[in-house]
Each structure stands twice: as structure tokens, then as C-alpha cells.
Amino acid sequence: MEEAIKALEFEDENTGEPLKIISFKKLDEERAKLFRSSFEECKNGDIISLDCGSVEHIVVYDAGKAKPVVVECGITLAELSPTQLVEYCFEEKGPWMVSRCSLPALEAYRKMKFSQWKKAVTQPDCMASFRRVLKMGLVTSIFDHLAFPEPSEEEKKKWQGKNEAGKIIHIPH
């Protein structure tokens, strides 16, 4: 296992310089379960955490081969380690899941949405839209069914509806 892991090459996402693997360890079962349920490439094999300094990379070791797990941020389209994605849950004790966006991308998205809301309050197009914005109130939660998928098909159906044209709509929650 050690040879296969040490043969991997990683580079700094900002500078492009090679990163050195400082240490590695097999993930504990609870954390491995989170990645297995979130990423198809993590279904089989041992899930290994690599410490490369500023970023923890995830590798799947199976049949004598080590393969890095790389995912795409749903907002910036940057290639990231799964550990760089935001983790979330819908219920206080409910299953934790891995989103499809990084924290910096989520913060930028939240800032953009707030500025849109602020503009709708301070410079309304019409009284009807102004009333709707006031009725909704301050936006305190982010809803995006692609960035934060529901844990199961049953949950998904609970938060879907159909409009007058029969198109499926996703209800914010």
C-alpha cells in the first residue's frame, strides 16, 4: 500500500507546485461511510487520508492500486479533494452528507444572493415584488437541490411539486 500511495503526485491548486505527502492513514469507519455514501468511486476498497500540508487528499486503495478521489465544485467547477467540500445535514441528528461545493464558493454564492435580496428591498421593481420580498424576509438559509442533495429518493419526493405546466419544481427547505 505504501508504495502505491507514495507513487501518487499532487499539486498545489493555486501555484501548481508539487505537494509532498507528509503522512497517510486509513479513515475511521464513520468518516469512510460518509465518503462511500457520497462518491461512487469510494464504494469499494480502503479509503485513505493523505496529509499534504494545506489539503487533506482522499485516496481509494483497492486491488493493489491507489486512486485519488477528485470531485468538481458545482459552483466554480474547480477540481477538489472531497475534504474541501462543505458537509451538511438537514436534521439535527440526521445523516451528514457532502455537498457539491467548496466553502469559498458557497460564501461567494451567499454574498451574491444577499446583494440580490438587498437590491430587491432597496430598489424594488414594483410594489407587488416588494411585498413578496418583505413577506419572505431576510434570507438565512441556502437552498440548492444540486449543491445540497437530499439523502434519499423518498426525501427528494417530499420536497418536489409540480407547477401548472406539470414541470417538477423543487421546494426550498
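Is Leu-85 buried or exposed? Leu-85 counts as buried, at 5% relative accessibility. Buried means under 20% relative accessible area, exposed over 50%, partly exposed in between, with a 1.4 Å probe and protein chains only.

Ground rules now. This is a predicted model: local features need pLDDT of at least 70, side-chain atom pairs count only at pLDDT 80 or more, and totals for chains, interfaces and linings use all residues. Residues are numbered from 1 along each chain as its sequence is written, and side-chain values use heavy atoms, without hydrogens and water.

Back to Leu-85. It lies in strand E9; strands (E, at least two residues) and helices (H or I, at least four) are DSSP runs numbered from the N terminus. Not counting residues up to four places away in sequence, Leu-85 touches Phe-39, Val-71, Leu-80, Val-98, Ser-99, Arg-100, Cys-101 and Ser-102. Contact means heavy atoms within 4.5 Å.

Take Ser-102 next. It sits in strand E10. At 9% relative accessibility, Ser-102 is buried too. With the sequence neighbours up to four places away left out, its partners include Cys-73, Gln-84 and Val-86.

Now the cores. A nonpolar core is a set of buried Ala, Val, Leu, Ile, Met, Phe, Trp, Tyr and Cys residues joined through side-chain atoms within 4.5 Å. The largest has 23 residues; Phe-35, Phe-39, Cys-42, Ile-47 and Phe-148 have the most contacts inside it. Helix H2, strands E5, E9 and E10, and helix H3 each supply at least two residues of this core. Apart from it lies another core, of ten residues, including Ile-5 and Phe-10.
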